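Please look at the structure first.

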Amino acid sequence: MSARLERRAREPIVGPRGYGFRRDRRLGSRIVRALDSLPHGFCLFDTGNRLLFANAGYRRLFGQPDGAVRPGLHACTLIAINAAKGLKAERDPAQIWAERRRLLARRDPVTVLQTLSDSRQIALTLQPQADGGWVALYEDVTERRRAEALLRHMAHHDPLTGLPNRHLFEARLDRATAEPAGRGCALLCIDLDGFKPVNDLYGHAVGDALLRRMAERLQDGLGEQDTAARLGGDEFALLLADAPVSTVLDRAHRLHRRLTEPYDVGAGRPVLVGAAIGIACAPQHAAQAQGLVERADAAMYQAKRLGHPCLWGDALRPGLAPAAEAVS
């Protein structure tokens, strides 16, 4: 009896389970259960790029039924299967696999992002192994990237109007003024007249609604490279990229007429506000962003004092012809 028990203890205890994987019951099955319990996908490939093992997390991520992913399948075949299940890619599986092979040839871990047809985003980490095989780890990063994008948006946009805030606007103005000479840009600084009485008379809810409607009007007709921003309170700015000087003044007057049209914001009657606009163009009025802001800002305050809707920044320079001013 003792001899039979001793012989049985020396025999390997293995058995076929799912995927055709042979596992030691005392340790291998625990490892497999642990891998299957991971929220991430895990695939192990041999030196010939053929699948040795895929955990349950991998099948869940790609909606693969049991038996669809089997040991022995080539990595390129798996890519084709995933493409059929919703992997969003402009290239065919062979091209994707060729890129993966180039990444694996570096022998260093690397992570790439995959987008599925249902808009989920999967981070794929390729981890070469010392024996020539490799591991693929798949993580659903959709919610994390959405949260990161939301935080980035909140850091650079005004929460009330959704417009870029001062920080983002200044960064875009810096880039615009750094463009090669000849392209140029125009900066319009805008300040509302009569906003505080509206806020005091009708309440902050109406005041907030007015600012949101104004933001919508600011964005009407903007080009892809243009930027409307709320700098704070009732101060706004407009950056017109690659704008010919000959057209800026007309655009400012059209904008002024649009901003001063009545607003229906739930006050019981239409609300009216005024606006003063100061204009400065680069490189005509200033070559650097700070100088452009100073010139447009000074023109805006001069427009408020004089009762003009719009003023060129150059209109403040001594000795300029009266034609430099723009009046309605």
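Two residues are in contact when they have heavy atoms within 4.5 Å. The model is predicted, so local features need pLDDT of at least 70 and side-chain atom pairs count only at pLDDT 80 or more, while totals for chains, interfaces and linings use all residues. Residues are numbered from 1 along each chain as its sequence is written, and side-chain values use heavy atoms, with hydrogens and water left out.

**Overall make-up**

- The protein has eleven helices and 14 strands; helices (H or I, at least four residues) and strands (E, at least two) are DSSP runs, numbered from the N terminus.
- Of its 328 residues, 41% count as buried, where buried means under 20% relative accessible area, exposed over 50% and partly exposed in between (1.4 Å probe, protein chains only).

**Helices H8 and H9**

- Two packed helices are described by the angle between their axes and the distance between the axes.
- Helix H8 (residues 195-202) packs against helix H9 (residues 204-219) at an angle of about 140°, and their axes are 6 Å apart.
- Axes are lines fitted to C-alpha atoms, for helices over the stretch in contact, and angles run from 0 to 180 degrees between N-to-C directions.
- H8 and H9 are therefore oblique to each other, since angles under 35 degrees count as roughly parallel, over 145 as roughly antiparallel, 65 to 115 as roughly perpendicular and the rest as oblique.
- From H8, Phe 195, Val 198, Asn 199 and Tyr 202 meet His 204, Val 206, Gly 207, Leu 210 and Leu 211 of H9.

**Cavity**

- A search of the whole structure finds one cavity of 30 Å³ or more; on a 1 Å grid over the protein atoms alone, a cavity is a set of points where a 1.4 Å probe fits but cannot get out, and lining residues have an atom within 4 Å of a point.
- The largest cavity has a volume of about 110 Å³, a volume being the space filled by probe spheres set on the points, which are joined across faces, edges and corners.
- Among its 14 lining residues, Ala 75, Leu 78, Ile 79, Arg 100 and Tyr 138 are the closest to its centre.
- H4 gives the most to this lining, with four residues.

**Backbone angles**

- Most residues other than glycine have a negative phi, and most peptide bonds are trans.
- The peptide bond from Ala 282 to Pro 283 is cis, with omega near 5°.
- Asn 49 has a positive phi, near 65°, and is buried, with a relative accessible area of 18%.
- Arg 107 also has a positive phi, near 65°, but counts as partly exposed at 43% relative accessibility.

How values were computed:
On a 1 Å grid over the protein atoms alone, a cavity is a set of points where a 1.4 Å probe fits but cannot get out, and a pocket is an open set with protein on both sides within 12 Å along at least five of seven lines; lining residues have an atom within 4 Å of a point.
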